[in-house]
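Student: I've got a model open and want to go through it piece by piece. Can we start with the aromatic rings?

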Amino acid sequence: MKGERRRRFWAALAGSAVLIAATSCTSTSKPTALSVEMTEPTAAHYQFDAPATVAGPLVRVTFKNSGTQPHGVLVARVDAGHTQDEVAASVAEQDAPVPPWAHLQGGVDGVPPGQQVTATVKLTPGSYFLLDPGSGDDDVSFVKGGAIRPINVTGGGSNGVLPSAAVTISAKEYGFDVPSLKAGETTVRFENKGKEPHIMVAAPIADGVSIDKVKEFFASEGPPPAGGPPPPLDFENAVSLQALDAGQSEVTTINFKPGRYAFVCFLNDRAGGPPHFAKGMLQEVKVS
C-alpha cells in the first residue's frame, strides 16, 4: 500500500498529505523558536537544516518542507552513551518496540512539499535528535538517506505552559479519548495519558466501509493484491502527529474535513508484543 508504514514504531505514515496549519493560539509565556527545514540536496539524500542548540523547556517547532516528497520531524531525547548510528538503526528496524533509551517528544508528520507547519512542545535539557521516521515509495527509511541530526536542548528558556487549545485528544492503553470534532481548523492538544508511547493517526474511512472492515484490513498481512478493491482508508488525506512518550503533550492546529475517521496507533509496547491497533487503538470518530 502506497505510503503505509503501519508497523514502523517511530511513526505511522509516509506520503500522507497531513492537514496541519500553523499554531495560532496565544500563551502567557513565549516559547523559544526552533526552525527546522528539510532539503533534498540530491536524489535519496535528505538533510535537516536546524540550529545546533535550542533553549527549553517550551519550544515552538516550525518545520518547513523544501523537499520533493512529504516529510516530517520527530524530536527524540536520547540517554547518554547512545549514538546517532544506534538511533538510525533502531528507526530502520521493522516491527521493533521503542528502545528504552529513546524518549519520544512529538513533532509533525507528512508535511507536503513547499509547506510548513508548527507544533509547540516541552523539552527538558539534554541530548536530542531530529529525525524523519518516514519512508518513500521504495519503503526505504529517510533516516538512511541522512534525515537525522543531533540537537542539544539547554535551560534558560521560557518556563511557561503549553498554549491553550480548543480540544484535547488523549491517548492511553488502549484507546483514544476524542471530544466532539467539527470540520475546519482546530487547535488541538495531543497528550499521552498512558504508560506506553503512543501516536495519533486519523485516516478518513471510505464511503460505505464499516469500522469492522477497517479492522479486518489491519489484521491482514502485506499490501492488498494488485487489481483488488481499494484500501478502506484514505491514507493520502490522513492526519498524523508524531509519537509521544508517557506524560508528554504537544499543541498544533489541524484542519479536519467532515466525515468518518479511523483513529489508529501503530506503536508497540516497550516490552514488545502486537501493535496497539491490535489491542483496541483503532476506533471510528465522526467529524461533523
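Student: How many aromatic pairs does a search of the whole structure find?
Tutor: This is a predicted model, and searching the whole of it gives nine aromatic pairs. One of them is Phe48 with Phe63: the ring centres are 6.4 Å apart and the planes stand at 70°, so the pair is edge-to-face.

Student: Where do Phe48 and Phe63 sit in the chain?
Tutor: Phe48 belongs to strand 3 (residues 45-49) and Phe63 to strand 5 (residues 58-65). The two are 15 residues apart, and the pair links distant parts of the chain.

Student: Is Phe48 buried or exposed? And Phe63, buried or exposed?
Tutor: Phe48 is buried, at 4% relative accessible area. Phe63 is buried too, with a value of 0%. The cut-off for buried is under 20%.

Student: What about Phe218 and Phe277, what kind of pair do they form?
Tutor: A tilted one, with 5.2 Å from centre to centre and 45° between the planes. Phe218 is in helix 2 (residues 211-219), while Phe277 is in the loop between strand 17 (259-264) and strand 18 (282-287). They are 59 residues apart, so to speak of the chain, this pair also links distant parts.

Student: Are those two buried or exposed?
Tutor: Phe218 and Phe277 are both buried. They also belong to one aromatic cluster, together with Phe217, Phe235 and Phe266.

Student: On to the cores. How many residues are in the largest nonpolar core?
Tutor: It has 36 residues, and Leu131, Met200, Phe256 and Phe263 have the most contacts inside it. Strand 15 (residues 239-244) gives the most to this core, with four residues. Phe48 is the residue from the edge-to-face pair with Phe63.

Student: Why would nonpolar residues gather like that?
Tutor: Nonpolar side chains tend to be buried together in soluble globular proteins.

Student: How many bridges join strand 14 to strand 15?
Tutor: Four, and these two strands run antiparallel. Strand 14 covers residues 198-204. His198 has Leu244 in strand 15 as its bridge partner.

Student: What is phi of Ala44?
Tutor: Near 60°, which is positive in a residue other than glycine. Ala44 is in the loop between strand 2 (32-42) and strand 3. Ala44 is exposed, with 58% relative accessible area.

Student: Ser141 next, buried or exposed?
Tutor: Buried, with a relative accessible area of 5%. Ser141 is in the loop between strand 9 and strand 10. A polar atom of the Ser141 side chain lies 3.1 Å from the backbone nitrogen of Val143.

Student: Last one: where is Thr120?
Tutor: In strand 8 (residues 116-122). Thr120 counts as buried, at 1% relative accessibility. The C-alpha atoms of Thr120 and Leu162 are 6.9 Å apart, although the two residues are separated by 42 residues along the chain.

Student: What is Thr120 in contact with, leaving aside neighbours within four places in sequence?
Tutor: Among its contacts are Pro31, Leu58, Val59, Arg60, Leu162 and Pro163. Ser249, Glu250 and Val251 are in contact with Thr120 as well.

Key:
Residues are numbered from 1 along each chain as its sequence is written. This is a predicted model: local features need pLDDT of at least 70, side-chain atom pairs count only at pLDDT 80 or more; totals for chains, interfaces and linings use all residues. Side-chain values use heavy atoms; hydrogens and water are left out. A nonpolar core is a set of buried Ala, Val, Leu, Ile, Met, Phe, Trp, Tyr and Cys residues joined through side-chain atoms within 4.5 Å. Buried means under 20% relative accessible area, exposed over 50%, partly exposed in between (1.4 Å probe, protein chains only). Rings of Phe, Tyr and Trp (its six-membered ring) pair if their centres lie within 6.5 Å; planes under 30 degrees apart count as stacked, over 60 as edge-to-face and the rest as tilted. Two strands pair if DSSP finds at least two bridges between them. A polar contact is a pair of N or O atoms within 3.5 Å; within protein, one must be able to donate a hydrogen and the other to accept it, and residues adjacent in sequence count only if both atoms are side-chain atoms. Contact means heavy atoms within 4.5 Å.
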